[in-house]
Amino acid sequence: MWILPLVGYLGSVLGFCFLTLAIASGLYYLSELVEEHTVIAKRLLTRLIYFIVGLQLVLWVIDGLPFFLTLLGVVSHVIYLGNMRRFPFVKLTDPLFMASCVLVLVNHFFWFRHFSDLQHQSYSRMTSMYEQPDVPSFTEIASFFAICVWLIPFALFVSLSASDNVLPTIGSEQPSQADGGKNKRQGMVKVVVDYVLSAIGEVSRLAGWKKSDDRF
């Protein structure tokens, strides 16, 4: 068969595109909700950070998770909490914000390596093919990563706002002022989505796929 595999590849690409658009639309909608309910979002995120810190300590005490990795997670969430001091505004060059971005990747790497080593050691100790490895299930590991590693950074990314001139040039200290002297904020998700859409429109215009006066 020659055509059916091509149809399968085409379907996979289209499915990935639709999934990406659905996620982007959902994030866009969540960002608008946060803009409308800033006080509630800040209170919810703050309590969520405290809850996850307590959860990690409970997992260390009861389930025996590594102390240093737990300490890394607690310190990371304390730094995430520091981003709430000017919520929902953020300066992308703020050392605290940049440290938060680095800590997300560091936490993911070390926790992933921990669970990988744990699984390898468990399988290496097995003496029979009928034994069951004493390792967390995929659901447990995925839930841990979703709640204890990625939830707060993802929520901050959706909730934090940036000034209108953050992309493509970065460096504004305070959000821009709208008419009437009020702060005009724009969610980081909306900034990224609008920037990507404008870049795609510019590429399409340069390639001759659309006229310069057409809207994307």
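**View 1. The largest cavity has a volume of about 50 Å³.** This view, like those that follow, is taken from a predicted model. The structure holds 2 cavities of 30 Å³ or more. Gly82, Asn83, Arg85, Arg86, Phe89, Val90, Lys91 and Asp94 line the largest cavity. Sorted by class, the residues of this lining are 4 charged, 2 polar and 2 nonpolar.

View 2. Helix α3 supplies the largest share, with 4 residues. The lining of the second largest cavity has 5 polar and 3 nonpolar residues, and no charged residue. In the largest cavity, by contrast, the lining includes 4 charged residues.

**View 3. The largest pocket has a volume of about 360 Å³.** Of the 18 residues lining this pocket, Leu59, Asp63, Leu65, Phe115 and Pro136 are the closest to its centre. At least two lining residues are supplied by each of α2, α4 (95-124) and α5. The largest share belongs to α5, which gives 6 residues to the lining. By class, the lining of the largest pocket divides into 12 nonpolar, 3 polar and 3 charged residues.

**View 4. The second largest pocket holds about 250 Å³ of space.** A set of 13 residues lines this pocket, and those nearest its centre are Val34, Ala41, Leu44, Leu45 and Ser159. Helices α1 (3-36), α2 and α5 each contribute at least two residues to the lining. Helix α2 provides the largest share, 5 residues. The lining of the second largest pocket comprises 11 nonpolar and 2 polar residues, with no charged residue. The lining of the largest pocket, for its part, includes 3 charged residues.

**View 5. Nine named side chains make up a nonpolar patch on the surface: Leu57, Val58, Trp60, Val61, Ile62, Phe67, Phe68, Leu71 and Val75.** Together these residues have about 890 Å² of accessible area. The elements that give two or more residues to the patch are α2 (38-63) and α3 (67-82). Helix α2 gives the most, with 5 residues. Helix α2 also supplies the largest share of the lining of the second largest pocket, while α3 supplies the largest share of the lining of the second largest cavity.

**View 6. Leu57, one of the residues of the nonpolar patch, lies in helix α2.** Leu57 has a relative accessibility of 39% and therefore counts as partly exposed, because that class covers values between the 20% limit for buried and the 50% limit for exposed. The patch to which Leu57 belongs also includes Val58, Trp60, Val61 and Ile62. Helix α2 is also among the elements that supply at least two residues to the lining of the largest pocket.

Key
Residues numbered from 1 in each chain as written. Predicted model: local features only at pLDDT ≥ 70, side-chain atom pairs only at ≥ 80, totals over all residues. Heavy atoms only, no water. Patch = residues over 30% accessible without salt bridge, like charges linked within 9 Å, V, L, I, M, F, W, Y side chains within 5 Å. Areas by Shrake-Rupley, 256 points an atom, 1.4 Å probe, with all protein chains shown as cover. Salt bridge = Lys/Arg side-chain N within 4 Å of Asp/Glu carboxyl O. Buried < 20%, exposed > 50% of the residue type's maximum accessible area, 1.4 Å probe, protein only. 1 Å grid on protein atoms, 1.4 Å probe; cavity = no way out; pocket = protein on both sides within 12 Å on 5 of 7 lines; lining within 4 Å. Points joined across faces, edges and corners; volume = space filled by probe spheres on them. Nonpolar A, V, L, I, M, F, W, Y, C, P; charged D, E, K, R; others polar.
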